[in-house]
Amino acid sequence: HCNYNALANTDDGSCVYAQEGYDCDGNFLLQIGDQYAGGMIFQINEDGTGLVADVFNNLGQETWDFSMNATESSTSEGYEDWYLPSLEELELMYNTIGKGGSEGNIGGFPDNQFWSSSEISNSNAWTVHFSNGTTNGPNKGNVARIIGIRAF
C-alpha cells in the first residue's frame with residue numbers, strides 16, 4: 001500500500017492502494033504484452049490509455065460482414081465494447097504482439113489472414129497476414145480470422 005508505516009502495529013483500515021496499473025506516485029506500470037482490461041496490450045499512449053487485443057476469445061474464421069458483427073456483439077472477458085481493428089491497428093498488433101514483434105509471437109497468433117474494418121470498396125476489405133505482416137484486399141465474402149480489440 002502507498003501509505004505504509006513500519007511502526008504501525010494495528011490495522012485501522014487506513015491503507016491507501018495505488019490505482020490498478022499505476023504505482024503510488026501515479027506512474028503507469030503496464031507494458032506491451034501485459035494482460036489487462038480483457039485482452040493483451042498492444043498499444044500504450046502517453047496518457048496511459050491504449051488498446052488491447054482479445055487473444056483469449058477465438059472467434060474463428062468468417063466473412064467480413066460476419067466478423068464485423070461478431071466483434072461488435074462480443075462480451076468477452078465481461079467487456080461489451082469490442083470492435084474489428086482498422087488496418088493500421090491490425091498492423092500495429094502484428095508488429096507489437098504478433099510475429100513482427102521484438103519478443104516474437106507473444107499473442108499466440110496463427111499463420112492466417114485477419115480481417116480489418118478498413119474497406120477498399122463495397123466488395124473488398126483489408127487483411128493482414130500474421131505469418132509475415134503482408135496486407136491484402138480480398139473479397140468480403142472470403143473467410144479470414146477474426147480478432148476484436150478495445151480501448152482502455
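Me: Hi! Which residues of helix α1 (residues 64–72) are buried?
Reply: They are W64, S67, M68, A70 and T71. Buried means under 20% relative accessible area, exposed means over 50%, and partly exposed is in between, with a 1.4 Å probe and protein chains only. Bear in mind that this is a predicted model: local features need pLDDT of at least 70, side-chain atom pairs count only at pLDDT 80 or more, and totals for chains, interfaces and linings use all residues. Residues are numbered from 1 along each chain as its sequence is written, and side-chain values use heavy atoms, with hydrogens and water left out.

Me: Thanks! What covers the buried residues of α1?
Reply: The cover includes β4 (61–62), β5 (113–119) and β6 (125–129).

Me: How many helices and strands does the chain have?
Reply: There are 2 helices and 9 strands. Helices (H or I, at least four residues) and strands (E, at least two) are DSSP runs, numbered from the N terminus. Along the sequence they come in the pattern β-β-β-β-α-α-β-β-β-β-β.

Me: And is the chain spread out or compact?
Reply: The chain is more spread out than a compact globule, because its radius of gyration is 19 Å, well over the 15 Å that the globule rule gives for 152 residues. That radius is taken over C-alpha atoms, and the rule is 2.2 Å times the number of residues to the power 0.38. The C-alpha trace spans about 70 × 30 × 25 Å along its principal axes.

Me: What share of the residues is buried?
Reply: Of the 152 residues, 38% count as buried.

Me: Switching topic: which cysteines does the disulfide join?
Reply: It joins C2 to C24, with 2.0 Å from S to S. A disulfide here is a pair of cysteine sulfur atoms within 2.5 Å, and the structure holds 1 of them. The link of C2 and C24 is left-handed, with -85° about the S-S bond.

Me: Where in the chain do C2 and C24 sit?
Reply: Both C2 and C24 are in the segment before β1 (35–36), 22 residues apart. C2 is partly exposed at 31% relative accessible area, and C24 is partly exposed too, at 46%.

Me: Now S76. Where is it found?
Reply: S76 is in the loop between α1 and α2 (87–96). With a relative accessibility of 9%, S76 counts as buried.

Me: Which residues is S76 in contact with?
Reply: Leaving aside neighbours within four places in sequence, S76 is in contact with D54, N57 and W82. Contact means heavy atoms within 4.5 Å. The C-alpha atoms of S76 and G38 are separated by 7.2 Å, though these residues are 38 apart along the chain.

Me: What is phi of E77 near?
Reply: Phi of E77 is near 55°, a positive value in a residue other than glycine. E77 is in the loop between α1 and α2. A37 also has a positive phi, near 50°. A37 lies in the loop between β1 and β2 (39–44) and counts as buried at 14% relative accessibility.
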